[in-house]
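Subject: Structure handover

Hello,

Here is the structure I promised to pass on. Please open it alongside this note; my findings follow below.

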Amino acid sequence: MVTILAGLAFLSVYALICLYIGVNFWSWLKTTFSFKYKKTYIIIVSLLSLAFFGGYSIPSPLLEMIGGYWLVVIGYSILILPIINIIYFTLKKNRKWKIGLGWVTVAFFSFVFIYGSYNAWTPVVREYDVSIDKTIANDKKELKILMAADLHLGTVIGNNHLDKLVKIVNDVKPDIIFLPGDIINDDITPYVEQEMRTTMEKIQAPLGVFAVPGNHDYYGGHNEKLKKELEEIDIRFLMDEAVEVAGDFLVLGRDDFTNPNRKTLDELINKLDKSKPIFVLDHQPREIIEAQAEGADMIFSGHTHRGQLAPAHLITERMYDNDWGYLNIQQLHSFTTSGFGLWGPALRIGSQSEVMVIDVTFN
(Lines give C-alpha, C1' and ligand atoms only; values in the text may rest on other atoms or scores of the structure.)
Protein backbone atom coordinates (compact mmCIF):
# COMPACT_ATOMS: atom_id res chain seq x y z
CA MET A 1 0.00 0.00 0.00
CA VAL A 2 2.83 2.38 0.92
CA THR A 3 4.58 1.58 -2.37
CA ILE A 4 1.41 2.31 -4.36
CA LEU A 5 0.89 5.65 -2.57
CA ALA A 6 4.54 6.61 -3.14
CA GLY A 7 4.20 5.71 -6.82
CA LEU A 8 1.05 7.80 -7.19
CA ALA A 9 2.69 10.72 -5.41
CA PHE A 10 5.70 10.52 -7.74
CA LEU A 11 3.51 10.39 -10.86
CA SER A 12 1.47 13.34 -9.62
CA VAL A 13 4.55 15.47 -9.01
CA TYR A 14 6.03 14.40 -12.35
CA ALA A 15 2.80 15.32 -14.16
CA LEU A 16 2.71 18.76 -12.50
CA ILE A 17 6.32 19.46 -13.48
CA CYS A 18 5.63 18.43 -17.09
CA LEU A 19 2.55 20.67 -17.08
CA TYR A 20 4.60 23.60 -15.73
CA ILE A 21 7.21 23.17 -18.46
CA GLY A 22 4.57 22.69 -21.14
CA VAL A 23 2.67 25.85 -20.17
CA ASN A 24 5.85 27.95 -20.16
CA PHE A 25 7.00 26.84 -23.59
CA TRP A 26 3.49 27.13 -25.03
CA SER A 27 3.28 30.73 -23.81
CA TRP A 28 6.60 31.54 -25.48
CA LEU A 29 5.72 29.78 -28.77
CA LYS A 30 2.38 31.57 -28.96
CA THR A 31 3.94 34.97 -28.26
CA THR A 32 7.00 34.57 -30.51
CA PHE A 33 5.57 32.70 -33.50
CA SER A 34 1.80 33.13 -33.05
CA PHE A 35 1.73 29.34 -32.74
CA LYS A 36 -1.88 28.10 -32.87
CA TYR A 37 -1.68 24.30 -32.94
CA LYS A 38 -2.47 23.75 -29.28
CA LYS A 39 -3.79 20.19 -29.58
CA THR A 40 -0.73 19.08 -31.54
CA TYR A 41 1.50 20.71 -28.95
CA ILE A 42 -0.31 18.96 -26.08
CA ILE A 43 0.07 15.58 -27.82
CA ILE A 44 3.81 16.15 -28.40
CA VAL A 45 4.46 17.18 -24.78
CA SER A 46 2.39 14.24 -23.53
CA LEU A 47 4.37 11.78 -25.66
CA LEU A 48 7.67 13.28 -24.50
CA SER A 49 6.52 12.97 -20.90
CA LEU A 50 5.70 9.29 -21.40
CA ALA A 51 8.84 8.47 -23.39
CA PHE A 52 11.01 7.86 -20.31
CA PHE A 53 8.62 5.21 -19.00
CA GLY A 54 8.17 3.76 -22.48
CA GLY A 55 11.93 3.34 -22.83
CA TYR A 56 11.88 0.93 -19.90
CA SER A 57 8.88 -1.00 -21.21
CA ILE A 58 9.79 -1.24 -24.89
CA PRO A 59 13.34 -2.16 -26.03
CA SER A 60 13.75 0.84 -28.33
CA PRO A 61 17.00 2.86 -28.52
CA LEU A 62 15.11 5.83 -29.97
CA LEU A 63 12.50 5.82 -27.21
CA GLU A 64 15.16 5.46 -24.54
CA MET A 65 17.17 8.35 -26.00
CA ILE A 66 14.11 10.63 -26.24
CA GLY A 67 13.07 9.75 -22.69
CA GLY A 68 16.58 10.51 -21.46
CA TYR A 69 16.67 13.88 -23.21
CA TRP A 70 13.27 14.77 -21.78
CA LEU A 71 14.62 14.07 -18.29
CA VAL A 72 17.35 16.63 -18.99
CA VAL A 73 14.75 19.16 -20.09
CA ILE A 74 12.85 18.54 -16.85
CA GLY A 75 15.96 18.75 -14.67
CA TYR A 76 17.31 22.00 -16.06
CA SER A 77 13.85 23.53 -16.48
CA ILE A 78 13.24 23.11 -12.75
CA LEU A 79 16.40 25.15 -12.18
CA ILE A 80 16.03 27.90 -14.76
CA LEU A 81 12.30 28.40 -15.47
CA PRO A 82 11.45 29.76 -11.98
CA ILE A 83 14.24 32.34 -12.40
CA ILE A 84 12.95 33.29 -15.85
CA ASN A 85 9.39 33.54 -14.53
CA ILE A 86 10.51 35.83 -11.69
CA ILE A 87 12.41 38.09 -14.12
CA TYR A 88 9.42 38.20 -16.47
CA PHE A 89 6.88 39.08 -13.79
CA THR A 90 9.27 41.58 -12.17
CA LEU A 91 9.40 43.38 -15.51
CA LYS A 92 5.59 43.48 -15.53
CA LYS A 93 5.14 40.86 -18.24
CA ASN A 94 7.09 42.77 -20.88
CA ARG A 95 6.51 41.03 -24.23
CA LYS A 96 10.01 41.73 -25.59
CA TRP A 97 11.57 40.26 -22.45
CA LYS A 98 9.39 37.16 -22.76
CA ILE A 99 10.62 36.59 -26.31
CA GLY A 100 14.23 37.33 -25.37
CA LEU A 101 14.21 35.10 -22.30
CA GLY A 102 12.68 32.33 -24.40
CA TRP A 103 15.54 32.54 -26.90
CA VAL A 104 18.04 32.48 -24.05
CA THR A 105 16.40 29.25 -22.85
CA VAL A 106 16.55 27.76 -26.36
CA ALA A 107 20.24 28.70 -26.60
CA PHE A 108 20.92 27.16 -23.20
CA PHE A 109 19.34 23.82 -24.13
CA SER A 110 21.08 23.85 -27.53
CA PHE A 111 24.39 24.16 -25.69
CA VAL A 112 23.44 21.34 -23.29
CA PHE A 113 22.48 18.96 -26.09
CA ILE A 114 25.43 19.72 -28.40
CA TYR A 115 28.22 20.01 -25.85
CA GLY A 116 26.69 17.30 -23.67
CA SER A 117 26.62 14.88 -26.60
CA TYR A 118 30.26 15.60 -27.36
CA ASN A 119 31.28 14.85 -23.76
CA ALA A 120 29.21 11.66 -23.73
CA TRP A 121 30.56 10.13 -26.92
CA THR A 122 34.15 11.41 -26.90
CA PRO A 123 36.11 9.53 -24.22
CA VAL A 124 39.32 10.95 -22.79
CA VAL A 125 42.24 9.16 -21.15
CA ARG A 126 43.28 10.50 -17.74
CA GLU A 127 46.73 9.45 -16.57
CA TYR A 128 48.10 9.17 -13.03
CA ASP A 129 51.36 8.10 -11.40
CA VAL A 130 51.48 6.54 -7.93
CA SER A 131 54.03 4.74 -5.81
CA ILE A 132 53.41 1.80 -3.47
CA ASP A 133 55.81 1.06 -0.67
CA LYS A 134 55.86 -2.69 -1.24
CA THR A 135 58.11 -4.91 -3.29
CA ILE A 136 57.21 -7.36 -6.04
CA ALA A 137 59.18 -10.20 -7.59
CA ASN A 138 58.90 -8.75 -11.10
CA ASP A 139 62.16 -7.04 -12.10
CA LYS A 140 60.19 -4.36 -13.93
CA LYS A 141 58.92 -2.86 -10.64
CA GLU A 142 56.22 -1.04 -12.59
CA LEU A 143 52.63 -1.76 -13.54
CA LYS A 144 50.33 0.01 -15.99
CA ILE A 145 46.66 -0.31 -15.02
CA LEU A 146 43.76 0.68 -17.24
CA MET A 147 40.38 1.18 -15.57
CA ALA A 148 37.03 1.63 -17.33
CA ALA A 149 33.84 1.44 -15.27
CA ASP A 150 30.15 1.97 -16.00
CA LEU A 151 30.08 0.75 -19.59
CA HIS A 152 26.25 0.44 -19.35
CA LEU A 153 26.08 -1.72 -22.46
CA GLY A 154 22.53 -1.93 -23.72
CA THR A 155 20.14 -0.46 -26.27
CA VAL A 156 21.88 2.95 -26.39
CA ILE A 157 25.54 2.03 -25.80
CA GLY A 158 26.69 -0.77 -28.04
CA ASN A 159 29.56 -1.95 -30.20
CA ASN A 160 30.33 1.48 -31.69
CA HIS A 161 31.17 3.05 -28.33
CA LEU A 162 32.78 -0.17 -27.13
CA ASP A 163 35.11 -0.07 -30.15
CA LYS A 164 36.47 3.23 -28.80
CA LEU A 165 37.49 1.43 -25.62
CA VAL A 166 39.19 -1.30 -27.64
CA LYS A 167 41.16 1.36 -29.53
CA ILE A 168 42.24 3.04 -26.28
CA VAL A 169 43.35 -0.32 -24.87
CA ASN A 170 45.37 -1.02 -28.02
CA ASP A 171 46.98 2.44 -27.87
CA VAL A 172 47.76 2.37 -24.12
CA LYS A 173 48.89 -1.27 -23.99
CA PRO A 174 48.21 -1.73 -20.25
CA ASP A 175 49.61 -4.62 -18.22
CA ILE A 176 46.23 -5.26 -16.60
CA ILE A 177 42.65 -4.02 -17.03
CA PHE A 178 40.00 -3.39 -14.36
CA LEU A 179 36.27 -3.05 -15.13
CA PRO A 180 34.67 -2.15 -11.77
CA GLY A 181 30.97 -2.62 -12.35
CA ASP A 182 27.87 -1.68 -14.36
CA ILE A 183 29.01 -3.62 -17.40
CA ILE A 184 25.44 -3.82 -18.69
CA ASN A 185 22.52 -1.43 -18.35
CA ASP A 186 20.06 -3.66 -16.42
CA ASP A 187 19.18 -6.05 -19.25
CA ILE A 188 21.71 -8.42 -20.84
CA THR A 189 19.50 -9.07 -23.90
CA PRO A 190 20.98 -6.28 -26.10
CA TYR A 191 24.48 -7.44 -25.15
CA VAL A 192 23.67 -10.94 -26.40
CA GLU A 193 21.60 -9.97 -29.44
CA GLN A 194 24.14 -7.42 -30.71
CA GLU A 195 26.97 -9.92 -30.09
CA MET A 196 28.90 -7.42 -27.97
CA ARG A 197 31.00 -10.22 -26.55
CA THR A 198 32.83 -10.24 -29.90
CA THR A 199 33.98 -6.68 -29.19
CA MET A 200 34.51 -7.26 -25.47
CA GLU A 201 36.78 -10.17 -26.33
CA LYS A 202 39.21 -7.71 -27.93
CA ILE A 203 39.80 -6.02 -24.57
CA GLN A 204 42.93 -7.84 -23.49
CA ALA A 205 46.03 -7.32 -21.36
CA PRO A 206 49.05 -9.56 -20.55
CA LEU A 207 48.10 -9.96 -16.87
CA GLY A 208 44.39 -10.29 -17.57
CA VAL A 209 41.09 -8.43 -17.40
CA PHE A 210 39.14 -8.33 -14.12
CA ALA A 211 35.58 -7.17 -13.51
CA VAL A 212 33.13 -6.89 -10.61
CA PRO A 213 29.36 -6.40 -10.57
CA GLY A 214 27.65 -3.04 -10.22
CA ASN A 215 24.12 -2.13 -9.19
CA HIS A 216 22.87 -2.10 -12.80
CA ASP A 217 24.28 -5.57 -13.37
CA TYR A 218 21.93 -6.70 -10.60
CA TYR A 219 18.80 -4.71 -11.50
CA GLY A 220 17.77 -6.88 -14.44
CA GLY A 221 18.47 -10.12 -12.59
CA HIS A 222 21.14 -11.11 -15.12
CA ASN A 223 24.25 -10.88 -12.96
CA GLU A 224 25.03 -14.61 -13.03
CA LYS A 225 24.45 -14.77 -16.78
CA LEU A 226 26.80 -11.81 -17.22
CA LYS A 227 29.44 -13.59 -15.14
CA LYS A 228 29.18 -16.61 -17.43
CA GLU A 229 29.34 -14.46 -20.58
CA LEU A 230 32.46 -12.62 -19.41
CA GLU A 231 34.34 -15.62 -18.11
CA GLU A 232 33.82 -17.39 -21.44
CA ILE A 233 35.97 -14.65 -23.01
CA ASP A 234 38.58 -14.75 -20.21
CA ILE A 235 37.36 -11.75 -18.22
CA ARG A 236 37.48 -12.74 -14.55
CA PHE A 237 34.26 -11.69 -12.82
CA LEU A 238 35.06 -11.46 -9.12
CA MET A 239 32.37 -11.48 -6.43
CA ASP A 240 33.85 -11.32 -2.93
CA GLU A 241 36.94 -13.20 -3.99
CA ALA A 242 40.62 -12.50 -4.49
CA VAL A 243 43.15 -13.80 -6.99
CA GLU A 244 46.93 -13.58 -7.02
CA VAL A 245 48.36 -12.19 -10.24
CA ALA A 246 51.79 -13.25 -11.49
CA GLY A 247 52.82 -13.99 -7.90
CA ASP A 248 53.26 -10.24 -7.38
CA PHE A 249 50.00 -8.72 -6.16
CA LEU A 250 46.42 -9.53 -5.17
CA VAL A 251 43.23 -8.38 -6.90
CA LEU A 252 40.20 -8.41 -4.60
CA GLY A 253 36.85 -8.05 -6.35
CA ARG A 254 33.91 -7.12 -4.16
CA ASP A 255 30.29 -7.99 -4.74
CA ASP A 256 28.20 -4.86 -5.20
CA PHE A 257 26.62 -2.95 -2.33
CA THR A 258 23.27 -3.90 -3.90
CA ASN A 259 23.72 -7.39 -2.44
CA PRO A 260 22.96 -7.09 1.30
CA ASN A 261 24.80 -10.36 1.89
CA ARG A 262 28.14 -9.30 0.49
CA LYS A 263 31.13 -9.92 2.75
CA THR A 264 32.81 -7.14 4.69
CA LEU A 265 36.24 -5.82 3.83
CA ASP A 266 37.48 -7.15 7.15
CA GLU A 267 36.36 -10.68 6.22
CA LEU A 268 37.94 -10.46 2.80
CA ILE A 269 41.24 -8.68 3.41
CA ASN A 270 42.23 -10.43 6.65
CA LYS A 271 42.54 -13.68 4.70
CA LEU A 272 45.11 -12.16 2.37
CA ASP A 273 48.88 -11.79 2.52
CA LYS A 274 49.25 -8.09 3.36
CA SER A 275 52.95 -8.11 2.52
CA LYS A 276 51.85 -8.10 -1.13
CA PRO A 277 50.13 -5.14 -2.83
CA ILE A 278 46.34 -5.44 -2.52
CA PHE A 279 44.13 -3.91 -5.23
CA VAL A 280 40.41 -3.68 -4.44
CA LEU A 281 37.69 -3.39 -7.10
CA ASP A 282 34.48 -2.04 -5.57
CA HIS A 283 31.88 -0.51 -7.87
CA GLN A 284 30.46 2.00 -5.39
CA PRO A 285 33.04 4.17 -3.58
CA ARG A 286 31.32 3.80 -0.21
CA GLU A 287 34.03 2.18 1.90
CA ILE A 288 37.25 3.96 1.01
CA ILE A 289 38.13 4.78 4.63
CA GLU A 290 37.46 1.15 5.59
CA ALA A 291 39.72 -0.05 2.76
CA GLN A 292 42.53 2.15 4.06
CA ALA A 293 42.05 0.90 7.61
CA GLU A 294 42.14 -2.74 6.46
CA GLY A 295 45.45 -2.25 4.66
CA ALA A 296 44.45 -2.11 0.98
CA ASP A 297 46.91 -0.30 -1.26
CA MET A 298 44.60 0.75 -4.10
CA ILE A 299 40.84 0.83 -4.62
CA PHE A 300 39.09 1.26 -7.96
CA SER A 301 35.46 2.43 -8.26
CA GLY A 302 32.91 4.05 -10.56
CA HIS A 303 29.15 4.43 -10.05
CA THR A 304 28.98 8.20 -9.47
CA HIS A 305 29.38 9.33 -13.12
CA ARG A 306 30.55 12.51 -11.38
CA GLY A 307 26.89 13.43 -11.35
CA GLN A 308 26.88 13.08 -15.18
CA LEU A 309 25.05 16.41 -15.53
CA ALA A 310 26.13 19.44 -13.52
CA PRO A 311 25.24 20.56 -10.88
CA ALA A 312 24.55 16.95 -9.79
CA HIS A 313 28.27 16.63 -9.02
CA LEU A 314 27.64 18.83 -5.96
CA ILE A 315 25.48 16.00 -4.62
CA THR A 316 27.95 13.18 -5.37
CA GLU A 317 30.76 15.23 -3.77
CA ARG A 318 28.84 15.15 -0.49
CA MET A 319 27.80 11.52 -0.76
CA TYR A 320 31.24 9.95 -1.21
CA ASP A 321 34.75 10.54 0.14
CA ASN A 322 36.05 10.30 -3.41
CA ASP A 323 33.26 10.81 -5.92
CA TRP A 324 35.69 11.38 -8.80
CA GLY A 325 39.40 11.37 -9.52
CA TYR A 326 42.32 10.49 -7.28
CA LEU A 327 42.47 10.55 -3.48
CA ASN A 328 45.43 9.49 -1.35
CA ILE A 329 44.79 8.46 2.27
CA GLN A 330 48.02 7.29 3.92
CA GLN A 331 49.01 4.07 2.07
CA LEU A 332 45.73 3.89 0.10
CA HIS A 333 45.36 5.25 -3.42
CA SER A 334 41.69 5.67 -4.36
CA PHE A 335 40.55 6.10 -7.96
CA THR A 336 36.93 6.79 -8.88
CA THR A 337 36.10 7.23 -12.55
CA SER A 338 33.21 9.18 -14.04
CA GLY A 339 32.67 6.18 -16.30
CA PHE A 340 33.06 5.18 -19.91
CA GLY A 341 29.34 4.90 -20.61
CA LEU A 342 26.32 6.64 -19.15
CA TRP A 343 22.86 6.12 -17.73
CA GLY A 344 19.65 7.81 -18.87
CA PRO A 345 20.33 10.76 -21.17
CA ALA A 346 23.22 10.37 -23.60
CA LEU A 347 24.65 13.65 -22.35
CA ARG A 348 27.37 14.84 -19.99
CA ILE A 349 27.84 18.34 -18.58
CA GLY A 350 30.64 18.86 -16.08
CA SER A 351 31.88 15.33 -16.72
CA GLN A 352 33.16 13.38 -19.70
CA SER A 353 33.33 9.79 -20.79
CA GLU A 354 36.73 8.61 -19.63
CA VAL A 355 39.27 5.87 -19.10
CA MET A 356 41.82 6.05 -16.30
CA VAL A 357 45.40 4.86 -16.77
CA ILE A 358 47.47 4.50 -13.62
CA ASP A 359 51.21 3.89 -13.73
CA VAL A 360 52.25 2.20 -10.50
CA THR A 361 55.82 2.05 -9.20
CA PHE A 362 56.72 -0.44 -6.46
CA ASN A 363 59.44 0.48 -3.97
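A residue counts as buried when its relative accessible area is under 20%. By that cut-off, Asp282 and Arg262 are both buried. Please keep in mind that this is a predicted model.

**The pairs around Asp282**

Asp282 and Arg262 form a salt bridge through their side chains, at 3.1 Å from N to O. Asp282 lies in the loop between S8 and H11, while Arg262 lies in the loop between S7 and H10. The two are 20 residues apart.

Asp282 also has a salt bridge with Arg254, where the closest N and O atoms are 3.2 Å apart. Arg254 is in the loop between strand S7 (249-253) and helix H10 (265-269), 28 residues from Asp282. Arg254 is buried, as is Asp282.

**Other salt bridges**

The structure has 15 salt bridges. One of them joins Asp359 to Lys144, with the closest N and O atoms 2.8 Å apart. This pair links strand S12 (residues 354-362), which holds Asp359, to strand S2 (residues 142-147), which holds Lys144. Lys144 counts as partly exposed because its relative accessibility is 23%. Elsewhere, a salt-bridge network links Arg197, Lys228, Glu229 and Glu232.

**The chain overall**

There are 12 helices and 12 strands. The C-alpha atoms fill a box of roughly 75 × 45 × 40 Å along the principal axes. The chain has 363 residues, and 53% of them count as buried. Take the contacts between residues at least 6 apart in sequence: 74% of these join residues at least 24 apart. The accessible surface is about 17300 Å², and carbon and sulfur atoms account for 62% of it.

Which residues make the nonpolar surface patch of about 660 Å²? They are Met1, Ile4, Leu5, Leu8, Phe10 and Leu11. Ile4 sits in helix H1 (residues 2-33). Its relative accessibility is 53%, so Ile4 counts as exposed.

Helix H3 (residues 61-90) has 30 residues, which at 1.5 Å a residue should span 44 Å. Its end C-alpha atoms are 43 Å apart, so the two values agree. Do look at Ser77, though: a kink of about 45° in H3 is centred there. Just after H3, Lys92 has a positive phi of about 60°.

Best wishes

Conventions
Residues are numbered from 1 along each chain as its sequence is written. This is a predicted model: local features need pLDDT of at least 70, side-chain atom pairs count only at pLDDT 80 or more; totals for chains, interfaces and linings use all residues. Side-chain values use heavy atoms; hydrogens and water are left out. Helices (H or I, at least four residues) and strands (E, at least two) are DSSP runs, numbered from the N terminus. The expected span of a helix is 1.5 Å times one less than its number of residues. The bend at a residue is the angle between axes fitted to the seven residues ending there and the seven starting there. Patches are made of residues with over 30% relative accessible area and no salt bridge: like charges are joined within 9 Å, nonpolar side chains (Val, Leu, Ile, Met, Phe, Trp, Tyr) within 5 Å. Accessible areas come from the Shrake-Rupley method with a 1.4 Å probe; for residues, only the protein chains shown count as cover. A salt bridge is a side-chain nitrogen of Lys or Arg within 4 Å of a carboxyl oxygen of Asp or Glu. Buried means under 20% relative accessible area, exposed over 50%, partly exposed in between (1.4 Å probe, protein chains only). Contact means heavy atoms within 4.5 Å.
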